[in-house]
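Hi everyone, thanks for coming. Let me put today's model up on the screen, and then I'll talk you through it.

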Amino acid sequence: MTATYLMNKLPTQALNHKIPYEILYKEPVSFNDLRAFGCLTLVSNSSQTHDIFDPRAVPCVMIGYPPNNKGYKLLNLANMQMFVTRDAIFHETVFLLNPTSPKPYV
């Protein structure tokens with residue numbers, strides 16, 4: 001799904017170097033929402049049962065874009081659950097799924 005999302009925002013030879021998204025929706029493409037796949041993402045801890053000693057942010061990995069939502073699909077590294085959010089802080093130079101990358105947040 002992520003590959004298709006990205007391919008629809010890139011020019012293609014089949015359409016004479018036009019962007020499929022612009023042809024379909026008749027509006028210019030915005031690249032502001034694109035983030036590095038697999039980068040470290042911090043999301044606010046919204047747990048109802050947390051106390052003052054719990055971390056304020058939960059480390060996650062950006063794994064894609066949801067099909068019908070405006071946001072990001074993330075994998076929570078603490079409990080290995082996927083969820084969608086719009087409010088996240090991306091660290092696009094830290095890749096936790098890379099075996100050679102240091103893992104300071106795991």
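This is a predicted model: local features need pLDDT of at least 70, side-chain atom pairs count only at pLDDT 80 or more; totals for chains, interfaces and linings use all residues.

Residues are numbered from 1 along each chain as its sequence is written, and side-chain values use heavy atoms, with hydrogens and water left out.

Now the sheet. It is open and antiparallel, with 5 strands in the order E4-E3-E2-E1-E5. E4 and strand E5 (89-95) sit at the edges with a single partner strand each, so one side of each has no neighbour in the sheet. Strands here are DSSP runs of E, at least two residues, numbered from the N terminus, and two of them pair if DSSP finds at least two bridges between them. Strand E2 (residues 57-64) and E3 run antiparallel, joined by 4 bridges. Gly-64 stands opposite Lys-73 in E3.

Met-80 is exposed at 55% relative accessibility, where exposed means over 50%, buried under 20%, and partly exposed in between, using a 1.4 Å probe and protein chains only. Lys-26 also has a positive phi, near 55°, and is exposed at 71%.

Finally, the cysteines: Cys-39 is buried at 0%, and Cys-60 is buried at 0%. The whole structure has 0 disulfides, taking a disulfide as a pair of cysteine sulfur atoms within 2.5 Å.
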